[in-house]
Amino acid sequence: IADVVDLTGEGLGDGNGHGTHCAGIAAGSGAASGGRYRGVAPAATLYSAKVLKASGDGMMSDVMAGVEWAQSQGARVISLSLGNTGPSDGNDLLSITCDAAVEQGCVVVVAAGNDGPLARTIGSPGASRRAITVGASNDQDAIANFSSRGPTSDGRQKPDLVAPGVEIIAARAKGTSIGPAVNEWYASASGTSMATPLVAGVVTLLLQADPALTPAEIKQRLQESAIDL
């Protein structure tokens, strides 16, 4: 999973906390909570690509390089909880890079953005044609007010799915304050960034059950089994 500012590998560190929180949603073991705050796919292998600075910003070219690096490592699922403000028609270089990764067999899951509730607020890479773009829902199964809306600037329906993204509790990187701290090990945060790795975790479970599934088949299965909000 290539995620924003995380990294759990030796010498990488996470000075922001966003990446660690997202990685925990997708694949956290929940060990520090007795399993209570376990991620969706805790047996998954994490590939961590640090593409943003501790401040949370960075260069699109670095994000593109992270996507390509994840592919080179053999990652089956790439999760990007990042983006810029919209609107986009999907022809920006990062969206094109995500499309290319899908064409090579990776399932790419990207955040819709937090610029809602107005329409046409899907930026890059949320406007990617082939990626699974994820918005956020709340505990009442309603669209979170902040979740970016489509259509894209070229008229396509986005996001493709929504998933829980309000007050999600997951791993907290030491010394960071991404959101209200639950304790030393966990924090609560909201955003389409939190919804995205949840879907990435579900995708991982689907691939575990049937490794032959294509990215298009996975997107179709997720959409067809979703509740229409």
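**Exercise 1. Describe the overall build of the chain.**

Solution. Of the chain's 229 residues, 49% count as buried, where buried means under 20% relative accessible area, exposed over 50% and partly exposed in between, with a 1.4 Å probe and protein chains only. The model is predicted: local features need pLDDT of at least 70, side-chain atom pairs count only at pLDDT 80 or more, and totals for chains, interfaces and linings use all residues. Residues are numbered from 1 along each chain as its sequence is written, and side-chain values use heavy atoms, with hydrogens and water left out.

Step 1, elements. The chain has five helices and six strands; helices (H or I, at least four residues) and strands (E, at least two) are DSSP runs, numbered from the N terminus. Their order from the N terminus is α-α-β-α-β-β-β-β-β-α-α.

Step 2, dimensions. The C-alpha trace spans about 45 × 40 × 35 Å along its principal axes. A compact globule of 229 residues would have a radius of gyration near 17 Å, and the 16 Å of the chain agrees with that. The radius is taken over C-alpha atoms, and the globule rule is 2.2 Å times the number of residues to the power 0.38.

Step 3, contacts. Among contacts in the chain with a separation of 6 or more, 70% come from residues 24 or more positions apart. Contact means heavy atoms within 4.5 Å.

**Exercise 2. Determine how H2 and H3 pack, and which residues make the contact.**

Solution. Step 1, geometry. Helix H2 (residues 60-72) and helix H3 (residues 93-103) have axes 9 Å apart, at an angle of about 5°. Axes are lines fitted to C-alpha atoms, for helices over the stretch in contact, and angles run from 0 to 180 degrees between N-to-C directions.

Step 2, class. H2 and H3 are therefore roughly parallel to each other. Angles under 35 degrees count as roughly parallel, over 145 as roughly antiparallel, 65 to 115 as roughly perpendicular and the rest as oblique.

Step 3, residues. H2 contributes Met60, Val63, Met64, Val67, Glu68 and Gln71, and H3 contributes Leu93, Leu94, Thr97, Ala100 and Ala101. Eight of these residues are nonpolar, two polar and one charged. Ala, Val, Leu, Ile, Met, Phe, Trp, Tyr, Cys and Pro count as nonpolar, Asp, Glu, Lys and Arg as charged, and the others, Gly among them, as polar.

Step 4, another residue of H2. Alanine 65 also lies in H2, and it is partly exposed at 40% relative accessible area.

**Exercise 3. Is H1 mostly covered or mostly open, and what does it pack against?**

Solution. Step 1, burial. Helix H1 (residues 18-27) is mostly covered, with 10 of its 10 residues buried.

Step 3, H4. Threonine 192 is found in helix H4 (residues 192-209) and is buried, at 1% relative accessibility. Beyond its neighbours within four places in sequence, threonine 192 contacts residues including Asn114, Val134, Phe146 and Ser147.

**Exercise 4. Locate the backbone exceptions in the loops.**

Solution. Step 1, the rule. Most residues other than glycine have a negative phi, and most peptide bonds are trans.

Step 2, cis bonds. The bond from serine 124 to proline 125 is cis, with omega near 5°; proline 125 sits in the loop between strand S2 (107-111) and strand S3 (132-137). Lysine 158 and proline 159 are also joined by a cis peptide bond, with omega about -5°, and proline 159 is in the loop between S3 and strand S4 (161-164).

Step 3, positive phi. Arginine 120, not a glycine, has a positive phi of about 55°. Arginine 120 is in the loop between S2 and S3 and is partly exposed, at 44% relative accessible area. Aspartate 141 has a positive phi of about 55° and lies in the loop between S3 and S4.
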